[in-house]
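Dear colleague,

Please find below the structure that I am handing over to you. My notes on it follow directly after.

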Amino acid sequence: METRIARSEQVRMLTLAAMLTAIVVVLQLLGSFVHFGTFSISLVLIPIVIGASLLGWQIGAWLGFVFSVVVLLSGDAAPFLAVNSFGTILTVLLKGTLAGLVSGLVYRTIADKGHPLIAVYAAAVVCPIVNTGVFLIGCRIFFWDTICGWGAAAGFRNVGAYIIGGLVGFNFLFELLFNVVLSPVVVRLVQIWQGKRAADQN
C-alpha cells in the first residue's frame, strides 16, 4: 500500500512538472508578443515559482532553464546575440536557471521553519530579483559599451537612467507584482487540492 502511494505521488509530481514545463513554453512564446520598453514581460516566472515551491529547487531550476532556452530560440535575445553570442547565451541560461533554483531553496528554507505562506511570498519576490539581477550583471560584464550607446541614442542622460527607465525598470516591477499576487494564490490552491486528495486516499 505504501509503495503504491509513493508511486502515485511520484507520478503526480512528474505530471505537474510536465504541465508546468508546457505552461512555461507557451507563456514565454505568447509573452514575446507583449512588449513594454525594449523587452517582453516574463510572465513565465509565475509557473517557475509555483514549480519551485511545490516540487523543489531541482524542478525550479529545470523550469528556469526551459524558460531560458525558449528566450534564446524565440528571438527575444536577438539584440544581444548580435553583439556577443557567448555572453548572451551564458547570461540568459544563468538568469532563468538560477531564478528557479534560488526561489526553490528560499521556499524550502522558510517552509521548513513552519512558515509555508511566508515561504511562497519570499520565493515570489526572490525569483524576479535573481532573474533581473543576473541579467544586469551580464549586461555589465558583456554589453556595457553597447548599452551606453543604446541609452545615448534613446535620449537618456546616463546609462543608469536608461537601465531603469528603458531596459528593466518597468518590466521588473510588473514581474514582481504579478509574482507576489498570483504565485501564492495558485500554490495555496494546489496545496489544498493535494491535501484533499491525500485525505480521500486514506
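At the start of helix α5, a side-chain oxygen of N84 comes to within 3.2 Å of the backbone nitrogen of F86. This is a polar contact, meaning a pair of N or O atoms within 3.5 Å; within protein, one must be able to donate a hydrogen and the other to accept it, and residues adjacent in sequence count only if both atoms are side-chain atoms.

The model is predicted: local features need pLDDT of at least 70, side-chain atom pairs count only at pLDDT 80 or more, and totals for chains, interfaces and linings use all residues. Residues are numbered from 1 along each chain as its sequence is written, and side-chain values use heavy atoms, with hydrogens and water left out.

F86 lies in helix α5, residues 85-111. Helices (H or I, at least four residues) and strands (E, at least two) are DSSP runs, numbered from the N terminus. Helix α5 has 27 residues and spans 39 Å from its first C-alpha to its last, close to the expected 39 Å at 1.5 Å a residue; the expected span is 1.5 Å times one less than the number of residues.

F86 counts as exposed because its relative accessibility is 57%. Here buried means under 20% relative accessible area, exposed over 50%, and partly exposed in between (1.4 Å probe, protein chains only). The buried residues of α5 include G87, T91, G96 and Y107.

Towards the end of these notes on side chains comes the salt bridge, defined as a side-chain nitrogen of Lys or Arg within 4 Å of a carboxyl oxygen of Asp or Glu. The structure holds 1 salt bridge. R108 forms a salt bridge with D112, and the closest N and O atoms are 3.0 Å apart. R108 is partly exposed, at 41% relative accessible area, whereas D112 is exposed, at 55%.

Helix α2, residues 45-55, is mostly covered, with 11 of its 11 residues buried. Among them are L45, P47, G51 and L55. After α2 comes G56, whose phi is positive, near 110°.

As for the protein as a whole, the secondary structure comes to 9 helices and 2 strands, in the order α-β-β-α-α-α-α-α-α-α-α along the sequence. Of the 202 residues, 42% are buried. Residues 24 or more positions apart account for 72% of the contacts with a separation of 6 or more, a contact being heavy atoms within 4.5 Å.

Yours sincerely
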